[in-house]
Each structure stands twice: as structure tokens, then as C-alpha cells.
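Biologist: I have a structure open and would like to go through it piece by piece. Can you put it up?

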Amino acid sequence: AREQHRRYVDLLAELGCAIEHLPAAPELPDAVFVEDAAVVFDELAVVARPGAAARRGETDAVAAALARHRPLARIEAPGTLDGGDVLRVGRRVFVGRSGRTDRSGCEQLRGLVAPHGYTVEEVAVTGCLHLKSAATEVAPGTLLVERRWLDTAPFAGLELVDVDPAEPFAANALRVGGAVVLPEAFPRTRRRLEARGIEVRTVPTSELAKAEGGVTCCSIVVGGREAG
């Protein structure tokens, strides 16, 4: 897992990202999945309140790092929201109603970002942990999706690319500039993306995947930069 994470970070750097590492937190074993601790917009960063109580200690270090880049807002109790349930496509923000994100968390996020011109739409998620396990953006206005795990009706007006049926977890991809990072375990879905002219770079994630960790989970995108 450490070696796979190192290769992931190296690829982000190769793609032009500046890397900011957070302090090690051995007492918080899920902290490597840093995406769940916050959601970053151009105008502000929203510190999440993870649905798993054991993960709520992860947000302090993330908030301290993001405070150098954005004004901060927070999801407050009793609402819960995991960053992995939030998918931003332009000014449209999709929030997965999952086992980790509840209606209060979604409504709080709506209230925080609406003044900046964002709309928030709920997406019913079943069969996976987070929305981004089932849908991610791979090109402007184009989503890679696993339809068996979510309701695609809220994505009206967007182009949907289906993962290969044999590779359901391939829907979690990370768009970095003009390239898409995808786990190397999903060659069939990779070919589908490349057939559309999308540049795909792959990394090994087999160990991280044992905790349903994907390529979006291990970083937070901050306006073209990465904090991970």
C-alpha cells in the first residue's frame, strides 16, 4: 500500500501537480483517503463532517492545510458529509445520498455554495460506499459511470460513458489537467476512454482498493494543485 501510494503521488507530480503532504497520522488509519475530509471550490473550502465517527479527527489537519489556500466553511453537527460523495461538474454539484452523507449535510453544503453560483443536486447511491465510486468526470461535461450503483437521472445534459460491465470499480477516475488517472486493473474501461481521445495514465491500486479506496480518494484538488 505504501509503494502504491508513492507511485500515485509520483504520477500526480509528473502530470504537473505541486504536492503538499499532510502530517502522518498513524492513529487515523483511514486518513490516507484524504478526499473525504473536505471539498474545495474556487471560492472556498468546505470542511466535511465524515459519516464515520472514527474519521472525524482527520479534518483538523486538512483544514489547517486548506486555510492557506481558501476561506473555510464547515459542515456542522448533526449533519454528515464525506468528500467522496461530492462531484463537481462546472457549477453543478452532485451529492451522493449514501451511508456516509445525509440530507442535513447535503442541505448545509447547498447553503454554503449557492451564494457563489453553484447548484446542488442529490443522487441516490446504492451498492457502493460513495458517489465517486460510481461516477467521476473524465472530460468536460463527460462522466464515467457505473449505472448499477446510482440513479443517473440527475445527470441530465451530461454525456455518460459506461464502465466495462466486468470492471464496476473503474468508475472512480481522477482528472488531472488533460489526463485521467485510472487504476491499472481496468484495461477494458481504459480502452473505452482512449477510444474517445482521452489520455489515460494508470497506477497500481490493488492494496488501496481493499478498503474501496480509489484514485480520487487519496488527494484533494486545490485549483490545479494537490494536497495529499
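Modeller: One term to begin with: buried means under 20% relative accessible area, exposed means over 50%, and partly exposed is in between, with a 1.4 Å probe and protein chains only. This is a predicted model, in which local features need pLDDT of at least 70 and side-chain atom pairs count only at pLDDT 80 or more, while totals for chains, interfaces and linings use all residues. Residues are numbered from 1 along each chain as its sequence is written, and side-chain values use heavy atoms, with hydrogens and water left out.

Biologist: OK. Is Phe33 buried or exposed?

Modeller: Phe33 counts as buried because its relative accessibility is 8%.

Biologist: And what does Phe33 touch?

Modeller: Leaving out residues up to four places away in sequence, Phe33 touches Arg55, Leu208, Ala211, Gly213, Cys217 and Cys218. Contact here means heavy atoms within 4.5 Å.

Biologist: Where does Phe33 lie?

Modeller: In the loop between β1 and β2. Strands are DSSP runs of E with at least two residues, helices are runs of H or I with at least four, and both are numbered from the N terminus.

Biologist: Now helix α2. Which of its residues are buried?

Modeller: In α2, residues 59-66, the buried ones are Thr59, Val62, Ala63, Ala65 and Leu66. They sit on the same side of α2 because they cover an arc of only 165 degrees around the axis; the arc is taken from the directions from the helix axis to the C-beta atoms.

Biologist: What covers those buried residues of α2?

Modeller: The cover includes β1 (19-20), β2 (38-40), β3 (45-47), β4 (72-74) and β14 (220-222).

Biologist: Different topic. What is the peptide bond from Ala77 to Pro78 like?

Modeller: That bond is cis, with omega near 5 degrees. Pro78 is in the loop between β4 and β5 (86-89). Most peptide bonds are trans, and most residues other than glycine have a negative phi.

Biologist: What about the phi of Glu212?

Modeller: Glu212 has a positive phi of about 55 degrees, although it is not a glycine. Glu212 is in the loop between β13 (199-203) and β14, and counts as partly exposed because its relative accessibility is 25%.

Biologist: Last one: how do β5 and β6 run?

Modeller: β5 and β6 (residues 92-97) run antiparallel and are joined by four bridges. Two strands pair if DSSP finds at least two bridges between them. Val86 stands opposite Val95 in β6. The hairpin has two residues between the strands, and Gly90 takes a positive phi near 65 degrees there.
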